[in-house]
Each structure stands twice: as structure tokens, then as C-alpha cells.
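Take your time, and check each step in the viewer.

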Amino acid sequence: MPTTTNAPAFAPAALFSDATLREAARITADSYQPLWTGPSGEQSSGEAVARHLEATSALLDQDGWIRVYDYGKDWSTGAHLADDDSMTVKDMLRALLRFVRDESGTEPHRTLSTALRHVGEAGKAGDTDTASVAGHVLDRVIQAHTGSDSARATPWSERQHRTHADITALLMAGARFARTYGPRTTAWQEA
């Protein structure tokens, strides 16, 4: 996992105060786009989004967080696969599987955006709608935190000095925000 430098001198949990969450609520109220409606066109409750964010934090605690994936690795120089005509199909498949296992690594580290998506895809603590809404909730928290209306959670999480504790603090702040300011029920629950 990449090392981080220039870590903030304050505790990560202190990053996102109640005042920050109130400012995020103000930004949300002033926004022309509805925050709690996902790509399906249906509304998600604050509780459902909070569960998604908490499950994302648990996933990152379990598998590990990584700031960004290293896509710059030169894959062309690491391949030592034999391609002679005497190999059987079984031998070729074994060599290929061994190569993929060795080159891809076994560390399941995830970025913030990947973990949000994976929780939604798993379908136990959320879905693709709550994943989308959760991402927008985190954006609002980061906008309130930074004072920038163009700030987004994913680039914030990818800054070189960011730590796993910072990401956990953001996710927990997002869950608090969702429970406090999100809809109590969804439209289909009211019907």
C-alpha cells in the first residue's frame, strides 16, 4: 500500500463536525438536483444510504483501503509465458492461471469509489441506487468541508496525504449526515 506523507495534525474524526454536516445540508437544500434520488429514479431513505456507507467502511476495514490503483505498471516486461508448440492445452492454462495469479496480486485493497460500488453490487447492504446516492452524499460533505462547490469525494480521497482513517471519518460523517438529513422513508414505503 502506498505510504502517505504530510498527514494532518488533527484527528480524522474531527475533520467532519456537526457544523460541517449542517453546511452540507444547506448546500443540499440550495442544490437544483435532488440528492436522495438514484439513477433508477426512485428515492432512497437516509437510513438505507447510511447502511451503505457503514458497509463500505467495514469493507475497507476488512480488505484494506488503497488511495489509487497503480495502472502504470509495465505489464509487457513481466510476462514469461512459454508459447512453444509442444505445450498441451492443460499446460498452457496452468501457466496462464499462474501468471494471472502472480501478476494481479492477492491483495484485495479497494479505493473509496470501488468499495462504494462493490457494496452496491453485492446487494446485501445496498444497491446501485444507494451507491450512487452515497457518493453524492460524500460529495456534499466534502463540499461543506472544503468550501468548494466543485469538490468531490473521490478526488479528495485520492490526495497523496490521505489516510485510511480520513476515509473512515468521511464515511462515518456521510452516514451521520444521511441519518440526520435524509428522508425517513422512501416513496414506495409511504404508499
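Contact means heavy atoms within 4.5 Å. Helices are DSSP runs (H or I, at least four residues), numbered from the N terminus. This is a predicted model, where local features need pLDDT of at least 70, side-chain atom pairs count only at pLDDT 80 or more, and totals for chains, interfaces and linings use all residues. Residues are numbered from 1 along each chain, and side-chain values use heavy atoms, leaving out hydrogens and water.

**Exercise 1.** Find the buried residues of α1 and say what covers them.

Step 1: Locate α1 at residues 18–30.
Step 2: Pick out its buried residues (under 20% relative accessible area, 1.4 Å probe, protein chains only): Thr-20, Leu-21, Ala-24, Ala-25, Ile-27 and Thr-28.
Step 3: Look down the axis of α1: these buried residues fall within an arc of 160° (taken from the directions from the helix axis to the C-beta atoms), so they line one face of the helix.
Step 4: The cover over these residues includes α5 (128–146) and α7 (164–181).

**Exercise 2.** Is Ser-57 buried or exposed, and what does it contact beyond its neighbours within four places in sequence?

Step 1: Go to helix α2 (residues 46–63), where Ser-57 sits.
Step 2: Ser-57 has a relative accessible area of 5%, so it is buried.
Step 3: With those sequence neighbours left aside, Ser-57 touches Thr-168, Leu-171 and Met-172.

**Exercise 3.** How far apart are Leu-116 and Ala-55 in sequence and in space?

Step 1: Find Leu-116 in helix α4 (residues 112–122).
Step 2: Leu-116 and Ala-55 are 61 residues apart in sequence.
Step 3: From C-alpha to C-alpha, Leu-116 and Ala-55 are 8.6 Å apart.

Technical notes:
Helix = DSSP H or I, 4+ residues; strand = E, 2+ residues; numbered from the N terminus. Expected span 1.5 Å × (residues − 1). Buried < 20%, exposed > 50% of the residue type's maximum accessible area, 1.4 Å probe, protein only.
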